[in-house]
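I opened a notebook for this structure and wrote down what I looked up, entry by entry.

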Amino acid sequence: MRAIIGPAALTIWCLAFVAVCAGDQAEGEKPEAKQKREHASHARALQLLKQRCNVCHGDDADDVRGDLDLRTREGMLRGGETGPAIVPGDPEQSALFVAVTWRDPDLRMPPKENDRLSEAEVELIRRWIADGAPSVATPSGEAWTGPADGIPIATSGGLTPEWTDRRYAREAVWSFFPIARPRVPESDARHPVDAFIERRLAEKQLEPAPAADRVTLLRRATLDLTGLPPSPDEIEEFLGDESPDAFERVLDRLLASPRHGERMAQHWLDVVRYADTAGFSNDFERPHAWRYRDWVVRAFNIDLPFDRFVLEQIAGDEFPSADTDSVIATGYLRMGPWEHTGMSVKAVTRQQFLDDVTNSVGVTFLGHELRCARCHDHKFDPIPTRDYYSIQAIFAAAQFDEPETPFAEWEHTGRLDDVRRRVERLSSVDVLRGDPDEKNDALTRNKKKRKKYLDNAATRHLPRSFAVKTAKPEETHVLIGGALDTPADPVSPGVLTAVVDPAASAPAEVPGAARGRRLALARWIASADNTLTARVITNRVWQWHFGRGIVATPNNLGATGSRPTHPELLDWLASRLIDRNWSLKELHRLVMTSATYRRSGDHPEPERVAEVDPSNELRAWFPPRRLTAEELRDALLFSTGELSERMGGPGSFPEINWEAALQPRHVMGGIAPAYQPSTRPDERNRRTIYCFRIRTLADPMLEVLNRPGPDVSCERRDETTVTPQVFALFNGQFAHDRAIALARRLERSAEGLDARIELAFRLLFGRAPSAIEVELCREHVEEMTAYHRAHEPVKTTLPRKVTRQMIAEQSGEIFFWEETLPLMEEYVPDLKPWDVGPETRGLAELCLVLINSNELVHVY
Amino acid sequence: MPSSRRPTRRDFLYGLGATLGTAAFNSLLAAEARGPLDPRAGHHRPRAKACIFLYMEGGPSHIDTFDPKPKLDELHMKEFTRKDRFASAMASGKRYYVRSPFQFRRAGSSGLEIVEHLPRLARVADELCVYRGLQAESINHPTANYHMNTGNRFGGDPAIGSWVTYGLGTLNRNLPAFVVLPELNFPQGGAANWSNGFLPPHYQGTTLRPAGSPILDLRPPPGVTRQTQRRNLDLLQKLNASHRERHPDHGDLAARMDAYELAFRMQSEVPELIDTRGEDERTLELYGIDAPGDDGFGRRCLLARRLVERGVRFVQVYSSGWDSHDYLERSHGARFRAIDRPIAGLIQDLKRRGLLDETLIVWAGEFGRSPDNGMRGGKKAGRDHNAEAMCVWLAGGGVRGGHVVGATDEIGARAVERVHPLRDLHVTLLHLLGLDDNRLTYFHGGRFKQLSQFGGKVIGDLIA
């Protein structure tokens, strides 16, 4: 629905839309046509000044910056503190022109990068001044905004008629066009993906890289699909299988592995910001959040159709016959950090939730940062602020809930007794001891807080879910500037209204009643007609394999995101996804069987590549990547043989840097109970996705390895090189423990130093060492073993208690107390240097080196 | 309207990840070639090369430090009731006014009003520019901390120190560029207070912890010597070198090899840095180390001087315990004893070494405190949180010392003169360090982001 256009603001120079690009010279042009064209160009220049400059230079009469009023030609001629703004006919002498070019570092307008004029816009200003800076008044008509050849997009309407009627560059709003079903290009390529990719390569006359060798390919595919490296046996088997479909069968095996869901879930949890606590100063535990994490792992493992995956996360509780487990999926809606304290205003924290969930749904499923439309109509995308609040109105009928939810058969409940016992053990003893002579208010307070904290943790094993329920909705208004105290028009629940092709889209009917609002939203998102949803997930899957999506900004398919490098391929894959019942496993298989996926990471013509396509937009070669933090941790545990394959359940507590573990952490106005790792190695050494995630206590090793914080949606992992990574991997306890464990495994599985060295290479790198490498390593181990024969290891003990201190609020004095760590009494440590002989320690030095090597941490 | 402007540049940005904005585009390319932390010129002539930010965590009371309110003597213990939908539970209900339990003295040639329990600070009063017009937005500790430290109440954005090192690099590559000296207990909101946010991790604040290992895992486990470690490193680099021959076009490999060598050097550099035994008696005394009231803050202030002396750009020093809801006299009193000598000592020490002119010092907490208090089981003469009035001061490079700027109302409930939002303080700090907030941008999440979020103004009155 297009809003009725009100009378345009009087100060606007209005003009009918002229479909000639301003600035173009047309040969043999008729005088009227020329006049019309110039007119359009001038009107556009003035429109631009109004939009970009008047906010500081005239709109606010009390604060005219530089005393320069740009609202009228007279104001420009009169000028401000630094003289006249324009010299009609002479752009170079006009301060206004010089300012918008940004060429003078002391005079740059508009001053902010975000508002800076494009070259074409600067040219409009130049031309207008050169033409004598005419005032342009035209008969009223449609307000003119957007590029001359832009397209209009109908929406529910903006706050101003100019916004409602603006036009958009086609390529900026590409994601609002219906998903095309392009033909696969004619080509020699046997695989449709390659046909699309090779067409662009041929255009640029760039030869693709040859296929990667088989070991490289197997390691790449295994890590991509499971997050773990292939075992030496798996490599052996693949190398020995010369049948033409050997790789396809590998893919079948990997896609069927339970490890696959764990790997995919990690990608998903990055986007939705999973953590087991709520963040901020109280960082309350969310004792049932783990069931959502397990639900996600399972969804990927059973290949839950993606449309269903969407439906359950947004409205799993609103299905007419809700499965017990679909309500668990609504935990998604509450994944953001959030807290409400005695110092919070209820209306404000509620609004924080509503803003958070509205934006999250936009980013996660629709690839649009909806928050841009919270305070005003979206500056670049066809999303009016009204739409933002319409979606918010859907969630106005959702309230937090932790309902009784019986465990489903697939859920991992085997460890619940252990989990319960752990908390009981922590609660059973009076672990805080302070000096009784002091008036130790901090101690009493902390005892109370500790109890509250643990009472909450003690519910982890109960059959409840972290969910939402439908409740009486609050009334939703457009909030001008996003501020609660300035409610404007009421809005009814609805979805995004931007429509490029009305014939191809079905409008969503969102009920006014409380129940069914979310279900309607979910159905609209999960519809095959939605132009965004299938593209967004297809693009994510592509990125999960190639490191970069067809659109490089998977959370942003809008005007400010990057453009698709292969738009037709994206649409072809997206429509295929829909046609194959939204099966993600099918999509993985399709992408990974292409020659494009199997290419080498090293291109034979690096100079040519650097010249034609330095950022590998054309995918002539396969971009190498780093192991992510979780992959590295899991891969090391896997290679040493320590990794527990146990799935799911409440989070485990791995051993993290002890100083970080015991670092005091504020919660609820006190100090949180000390972090104590799980007591048994098999509990600690589980896959990282099953480790308890505390927002205010990151595992420092994972953090420095670029694991993203859980407060902001992460669309793509960073890969950086900083010294704390070296400290973690070269000095850290985790790496040293793995080195000892690996050395022990090598000794048990192979006889003789050379064979052990070879096994180490096979386990970590998937290949045999060269003769030179064996020699280097042998010498090193011998030298180190000799050193260790002469030097006893220094034994360290694990802490049994920790001293706490706090500045007491009431006195400003420091209070001390002691916290004993009851779990440490039954702690079974990992294998340590003093548990083994000098030979093992010598071999472990080599293992530590290999753990730190470039070859281990890169995937080619 | 500018929906499609400069697509090529923007696409390039995605590939590159970092830029100082178009203006600095070329210098950026050079900077990237040299490394993200190499020193570079800012946007204009800086008034200070480094910044020491003294963070008073918990919300120090402006009314009881630098902004006396005699009117409260009249209102003392007078009760009233506040009802407001947008007031927090803490500020609502039955309340009473509280006068300051402290006396004030005029200090310096400027006659600056300072609470009597900061006598040493009073001696350097002419260096301070006290600002009473600032307003924050949040009255919750973590969100207010995030706001003061990152410009964004909800966290996830880069800290001021990250922006500064992103803009200027560092003058000492063997030390982190942005160093945080926390108490044993981290401030509320935790490490997100010095996060690099969406900036590359080179710009993350590094904590030098007051106890244990100053940087996590700086040292290998006990028993590992520097010699064996060097031998391991040698083998590692040999294996890496042959690996690199197989992938000659993969630039990441060399960077990672360099990081190992830098880390190895840092292992010896950092312990030398934090070892203050070489400082003379007089210096230790200046900072009040081991003097009555010493809670470690003095040592951290001394460390801050040693850091800026060695070219570190941004140092943040925490002092916690300012959240005096009750018994203000006792609790703020103890805080005064802890900070008076260290801060006065820091200013004097920097001055005698000729460093004060090129070092910007900031003293601030996350918000101010209220003139009134909630009953909460009796009148215990404290103060609650207040975002509408607070007090900060600046000293050092480019600062208009010996001045008071702005004012709060007669009871200190809200700022009324020269009022600026917090973002303007951020813009001013960047300005003094030679950076223009509007040009210190990073493209992320679909827009060029900046410390002030949406732009702000320099508070000119604070600048000499």
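Entry one. Which residues does Cys847(A) touch, not counting residues up to four places away in sequence? I found Ala739(A), Leu742(A), Ala743(A) and Ala760(A). I note here that the model is predicted.

I then looked up the core to which Cys847(A) belongs. The largest nonpolar core has 295 residues, and Cys847(A), Cys51(B) and Val362(B) touch the most other members. Helix α11 of chain B, residues 328–352, gives this core its largest share, nine residues. Another core, of 24 residues, lies apart from it; Ala85(A), Ile86(A), Leu96(A) and Ala99(A) are among its members.

Entry two. I turned to the contact between the chains. Chain A puts 90 residues into it, and chain B also puts in 90 residues.

I looked up Arg219(B). Its place is in the loop of chain B between β9 (206–207) and α7 (226–246). Leaving out residues up to four places away in sequence, Arg219(B) touches Asn731(A), Ser213(B) and Gln267(B). I also checked Leu121(B), 98 residues from Arg219(B) along the chain; the C-alpha atoms of the two are separated by 38 Å.

I went through helix α5 of chain B, residues 141–150. How many of its ten residues are buried? The count is ten, and the helix is mostly covered. The buried residues of α5(B) include His141(B), Pro142(B), Tyr146(B) and Met148(B). I looked for what they pack against and found α6 (160–168), β11 (359–364) and α12 (422–432) of chain B. Just after α5(B) comes Gly151(B), with a positive phi of about 80 degrees.

I took a pair of helices in chain A, α14 (residues 346–366) and α15 (residues 385–395). Their axes are 9 Å apart, and the packing angle is about 110 degrees. That angle makes α14(A) roughly perpendicular to α15(A), since 65 to 115 degrees counts as such. The crossing is right-handed. From α14(A), the contact uses Leu354(A), Val357(A), Thr358(A) and Val361(A). From α15(A), it uses Tyr388(A), Ile391(A), Gln392(A) and Phe395(A). The contact of α14(A) with α15(A) has six nonpolar residues, two polar and no charged ones.

I looked up a second pair in chain A, α12 (residues 306–315) and α18 (residues 517–525). The two pack at an angle of about 160 degrees, with axes 9 Å apart. α12(A) and α18(A) are therefore roughly antiparallel, the cut-off being over 145 degrees. This crossing, too, is right-handed. Val310(A), Leu311(A), Ile314(A) and Ala315(A) of α12(A) meet residues of α18(A) that include Arg518(A), Leu519(A), Arg523(A) and Ile525(A). By class, I noted eight nonpolar, no polar and two charged residues in the contact of α12(A) with α18(A).

Terms used
Residues are numbered from 1 along each chain as its sequence is written. Chains are lettered from A and ligands numbered from 1 in the order in which they are written. This is a predicted model: local features need pLDDT of at least 70, side-chain atom pairs count only at pLDDT 80 or more; totals for chains, interfaces and linings use all residues. Two residues are in contact if their C-beta atoms, placed from the backbone, lie within 7 Å. Axes are lines fitted to C-alpha atoms, for helices over the stretch in contact, and angles run from 0 to 180 degrees between N-to-C directions. Helices (H or I, at least four residues) and strands (E, at least two) are DSSP runs, numbered from the N terminus. Angles under 35 degrees count as roughly parallel, over 145 as roughly antiparallel, 65 to 115 as roughly perpendicular and the rest as oblique. A crossing is left-handed if the near helix is turned anticlockwise from the far one by less than a right angle, and right-handed if clockwise. Ala, Val, Leu, Ile, Met, Phe, Trp, Tyr, Cys and Pro count as nonpolar, Asp, Glu, Lys and Arg as charged, and the others, Gly among them, as polar. A nonpolar core is a set of buried Ala, Val, Leu, Ile, Met, Phe, Trp, Tyr and Cys residues joined through C-beta atoms within 7 Å. A residue is buried if 20 or more other C-beta atoms lie within 10 Å of its own, exposed if 12 or fewer, and partly exposed in between; C-beta atoms are placed from the backbone.
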